[in-house]
Amino acid sequence: MTIAEKILSNHVGYPVKAGDLIICPVDGVMATDTTGPLAIQAFREMGGKQVFDKSKCVLVLDHAVPPPNERIANLHKMMRAFAKEQGIKLFEIGEGICHQVMVEHEFVKPGDVFIGADSHTPTYGALNAFACGVGSTDLAATMMTGQIWLKVPESIKIVCSGKLQEGVSAKDLILFLVGQLTISGATYQSIEFAGEAFEDMTLASRMTIANMVAEMGGKTGIVHPKGLLLDYDFEVIEPDENAVYLQTFEFDVSGLEAQISAPESPDNVGNISQWEGTEIDYAFIGTCCNGRLEDLQAAAAVLKGKRIKEGVRFLIAPASKSTLLDAMNDGTLQILIEAGASIITPGCGPCVGTHQGVPGNDEVVISAANRNFKGRMGNPNSNIYLAAPATVAASALNGKITSSANAS
Amino acid sequence: MTFVYGDNIDTDRIIPGKYTKTLDMSTLADHVLEDLDPEFSKKVKPGDYLVAGKNFGCGSSREQAPLALKKSGIAVVIAEDFARIFYRNAINIGLPVLEIGKHFINRGDQLSVDIKEGFIKNETNGESYQAVKMPQVMIDILDSGGLVEYLKENGTYKL
């Protein structure tokens, strides 16, 4: 069995294989302020009275926080009222991005099946869990019944041998892999990431990897647990030696360079040298992909004692309040602010194009986020390049796309 | 009318994120596909068809994407294939989706569509297509008009 087949088998209580249709009990569900209001409405329409388990249903205000207008303020109000009525946990504005707080607060653990009403829910594959994104009505149904119907996915194995070079990060690796597999390369499938390149990765880096499974169309993506370190004991789930994979990809990534994803699709990826020198107006670090402490530290390492290029603006949205506090306590925040960055409320920030930093016409953005579709940041006439946090910082410093190795 | 678009139409193009935070579905229909085809929301009429290439609806999990299309009057979305969350969401809100593989359908072609049988005839060029069969649970959800009605009727899933 693959990791996905094992986790799902453990949940339904009998052995399942790719292609089987199952009704699977879940260990947790989560919705945000983009998907939650519709889910609450659907829950009521379905006749939902009480969520299946109060301790397993969570709402997070993160996509438009603090609310930029009365419409969104009222949606937040509606979610708070529902959380209170049901006695479920709601993370307030500024607590952080849903995926970050789910992991930090241990609402999802290794071996779990977790359903989130957000496409980047596969992020929890970093924890050796089966996590899958759904829309609002599926979320409502799961919140009511504690179950979801699923087709057991086929699995793709991606084996990366070799260690990443100094200055090359998990983001560069996953951008490279998205470029290789393409935006639809894993549609309906589970990806298993294995090999030396992943083994010494932090949990944060593993989350960056699993996060962008969404940009390959995957149902879930699970990082092999070898080397995974958590604050608590857990049982690892490994694939059987005779597990069946639809495809196996092998890459030697020891020579991988920093990568860029150019407009207007995350799979439009190449070595940074192709785009070095492209002038930028706006740099952004944050999101469920790259807003964690190690990401801010990587930016600070590039910017220490320096000042970003005049005329460039640089926004940082820490992934959570705890990230913000940690970055404050270890001096990272001071370096970034002195270099010229503005720190905004922990949350999804400008990545979802609703507020907090919409680019102007013809402006060029370099972003540590995961999506650069047309109009993604709220203006269809702007251009978004995706990169690792160190590259974003180096580019802010020079006012043009720059590899952190060439930052001056 | 048959509207035809290309591959990898993402949910940001179907309905930009800035419009998603609402429970007012008519606002969604006003902005549907505006960054891809600004004329669409003005021209679309109830019963029209939307036809696309590969991986339609990739990106965000926003159910507002199929809701905006349904509210605009689109009767069925036909594509070579779909991104998985969009596909599930469409069925869950009662918007029929048909996956037909490689096709030769052009903007304005006259189509006859049997949603129940998943059969499409392009009256303009004579080609016909049989859609991939959905699992029974999805057929049942669509027959009920969506997942809300399905669960009201059944209480739980039946595979």
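Me: Which residue in β7(B) is the bridge partner of B:Lys121?

Reply: In this predicted model, B:Lys121 has B:Ser128 of β7(B) as its bridge partner.

Me: ok, and how many bridges are there between β6 and β7 of chain B?

Reply: Strand β6 of chain B, residues 119–122, pairs with β7(B) over 3 bridges, in the antiparallel sense.

Me: What is the strand order of the sheet they sit in?

Reply: The order is β5-β6-β7 in chain B, an open sheet of 3 strands with antiparallel pairing. The edge strands are β5 (111–114) and β7 (128–130) of chain B, and each of these pairs on one side only. On average, neighbouring strands in this sheet are turned by 10° against each other, direction ignored.

Me: What holds strands together in a sheet anyway?

Reply: Strands of a sheet pair through backbone hydrogen bonds, and the pairing is either parallel or antiparallel.

Me: Switching to helices. Is α5 of chain B buried or exposed?

Reply: Helix α5(B), residues 84–92, is mostly covered, with 9 of its 9 residues buried. Among them are B:Arg84, B:Phe86, B:Tyr87 and B:Asn92.

Me: At what angle do α6 and α7 of chain B cross?

Reply: The axes of α6(B) (residues 136–144) and α7(B) (residues 147–154) cross at roughly 100° and come within 7 Å. Angles from 65 to 115 degrees count as roughly perpendicular, so α6(B) is roughly perpendicular to α7(B).

Me: Which residues make that contact?

Reply: From α6(B) they are B:Asp140, B:Ile141 and B:Ser144, and from α7(B) they are B:Leu147, B:Glu149, B:Tyr150 and B:Glu153. By class, this contact has 3 nonpolar, 1 polar and 3 charged residues.

Me: Now the other chain. How many residues of chain A are in contact with chain B?

Reply: 46 residues of chain A are in contact with 36 residues of chain B. On the chain A side, β1 (21–25), α2 (36–45), α3 (70–86), α5 (136–145) and β7 (147–151) each supply at least two of the residues. That side of chain A divides into 18 nonpolar, 19 polar and 9 charged residues.

Me: Last one. What is the mean pLDDT of chain B?

Reply: The mean is 96, and 100% of the residues of chain B reach 70 or more. The model as a whole scores ipTM 0.96 and pTM 0.97.

Definitions and conventions: Residues numbered from 1 in each chain as written. Chains lettered and ligands numbered in written order. Predicted model: local features only at pLDDT ≥ 70, side-chain atom pairs only at ≥ 80, totals over all residues. Pairing = 2+ DSSP bridges. Helix = DSSP H or I, 4+ residues; strand = E, 2+ residues; numbered from the N terminus. Axes fitted to C-alpha atoms, helices over the stretch in contact; angles between N-to-C directions. Buried ≥ 20, exposed ≤ 12 C-beta atoms within 10 Å, placed from the backbone. Contact = placed C-beta atoms within 7 Å. Nonpolar A, V, L, I, M, F, W, Y, C, P; charged D, E, K, R; others polar. Parallel < 35°, antiparallel > 145°, perpendicular 65-115°, else oblique. pLDDT = per-residue confidence, 0-100.
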